[in-house]
Amino acid sequence: MKKLLFIGDVVGRAGCELLRTRLHGIKREYGIDVTVVNGENSAQGNGITSQSANAILTAGADIITTGNHAFRRREALEIYNKDYIIRPANYPDGGCVGKGICVLDMGTFSVAVINLMGTVGMDPLDNPFSKIDEVLENIETRNIFLDFHAEATSEKKAMGFYLDGKVTGVIGTHTHVQTADECILRNGTAYITDAGMTGPEYSCLGVEIKPALDRLRFRMPVKFRESEEKSFLCGIVVTFDEKSGKSHKIERINVR
């Protein structure tokens, strides 16, 4: 049996700092073999930069996934030249930099991590259900994890059922609120609708409460600022059989 740790959306400097101080201890405590972190909000003010990506990698991540803010910071486009930093696979082929999949060779086994973005209430990218079929055709390992970065819980649940038995785990991200529906689906796929976020806990998804509240109340442009409250770390640990690619256990973690 092997264990994969997935950390939910890291928000800003505070989220990166919490990873730096706690991630290695968490990996030791749970006996983690592979660590995946969603870093699409890890830069100050949103998006991901080479600086925030390096902070996540130095903290102990093996792979960084992203989402709808993958290209928010133009100065960071070169980071997608690295195989272990991926963006949603259903961005259009051709002119889009980066890749949507990373395969890690761990010696005795390998793990494929795929990044996809939903289209319900999100950018109109390629159909994620069609795209995942295309991607899976070219993967040789049985150990496959999907970061499904999506807004609608219905779309996430549907993807979980669609891939049950085809992948090892379907992990939802984007909404920053950890859900309590972690389970092993009938055909051996670990599933959770959202892994949560890593950053300031007493906040509106990582930013100060008042600007977020004013935006919703008055519908006027505001400048969001990262909250300075204490941070927490949310994620999941999946225990899986590296020979069959089936999951045996999924556990939510929430570290304050």
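Begin by selecting helix H3 (residues 128-136) and helix H4 (residues 153-163), whose axes come within 11 Å and cross at roughly 30°. Axes here are lines fitted to C-alpha atoms, for helices over the stretch in contact, and angles run from 0 to 180 degrees between N-to-C directions. Helices (H or I, at least four residues) and strands (E, at least two) are DSSP runs, numbered from the N terminus. The model is predicted: local features need pLDDT of at least 70 and side-chain atom pairs count only at pLDDT 80 or more, while totals for chains, interfaces and linings use all residues. Residues are numbered from 1 along each chain as its sequence is written, and side-chain values use heavy atoms, with hydrogens and water left out.

**The helix pair**

Keep both helices on display. Now show side chains: Pro128, Phe129, Ile132, Asp133 and Leu136 of H3 meet Glu155, Ala158, Met159, Tyr162 and Leu163 of H4, where contact means heavy atoms within 4.5 Å. By class, this contact of H3 with H4 comprises eight nonpolar, no polar and two charged residues. In that count, Ala, Val, Leu, Ile, Met, Phe, Trp, Tyr, Cys and Pro are nonpolar, Asp, Glu, Lys and Arg are charged, and the others, Gly among them, are polar.

**Around H3**

Select Pro128, Lys131, Ile132, Val135 and Leu136, which are buried in H3. They cover an arc of only 130° around the axis, which puts them on the same side of H3. The arc is that of the directions from the helix axis to the C-beta atoms; buried means under 20% relative accessible area, exposed over 50%, and partly exposed in between (1.4 Å probe, protein chains only). The buried residues of H3 pack against S5, S6, S7 and H4. H3 itself lies across S5, S6 and S7, and runs at about 160° to S6.

**Around H4**

Move to H4 and select Glu155, Lys156, Met159, Gly160 and Leu163, which are buried. Their arc around the axis is only 140°, which puts them on the same side of H4. Among the elements covering these buried residues are S6, H3, S7, S8 and strand S10 (190-192). Turn to the face away from the buried side to find the exposed residues Ser154 and Phe161. Just after H4, Gly165 takes a positive phi of about 90°.

**The sheet and strand S7**

Next, display the open sheet of six strands, with the order S5-S6-S7-S8-S10-S9 and mixed pairing. Two strands pair if DSSP finds at least two bridges between them. Its edge strands are strand S5 (101-105) and strand S9 (183-184), each pairing on one side only.

Select strand S7 (residues 144-149): six of its six residues are buried, so S7 is largely enclosed by the rest of the structure. Ile144, Leu146 and Phe148 point one way from S7, and Phe145, Asp147 and His149 point the other way. Six bridges join S7 to strand S6 (residues 110-117), and the two run parallel. Five bridges join S7 to strand S8 (residues 169-173), again in parallel. Centre on Phe148 in S7: Leu116 stands opposite, and in S8 the bridge partner of Phe148 is Gly172.

**Two loop residues with positive phi**

Select His176, in the loop between S8 and S9. Its phi is near 70°, a positive value in a residue other than glycine. His176 is buried, with a relative accessible area of 9%.

Go on to helix H5 (residues 209-218), in which Pro211, Ala212 and Asp214 are buried. Seen down the axis of H5, its buried residues fall within an arc of 160°, so they line one face of the helix. On the other side of H5, Lys210, Leu216 and Arg217 are exposed. Just after H5 comes Arg219, with a positive phi of about 60°. Arg219 belongs to the loop between H5 and strand S12 (231-240) and is exposed, with a relative accessible area of 65%.

**Last stop: Asp241**

Finally, select Asp241, in the loop between S12 and strand S13 (247-255). Asp241 is partly exposed, with a relative accessible area of 22%. Leaving aside neighbours within four places in sequence, Asp241 is in contact with Met1, Asn143, Lys246 and His248. The C-alpha atoms of Asp241 and Gly15, 226 residues apart along the chain, are separated by 31 Å.
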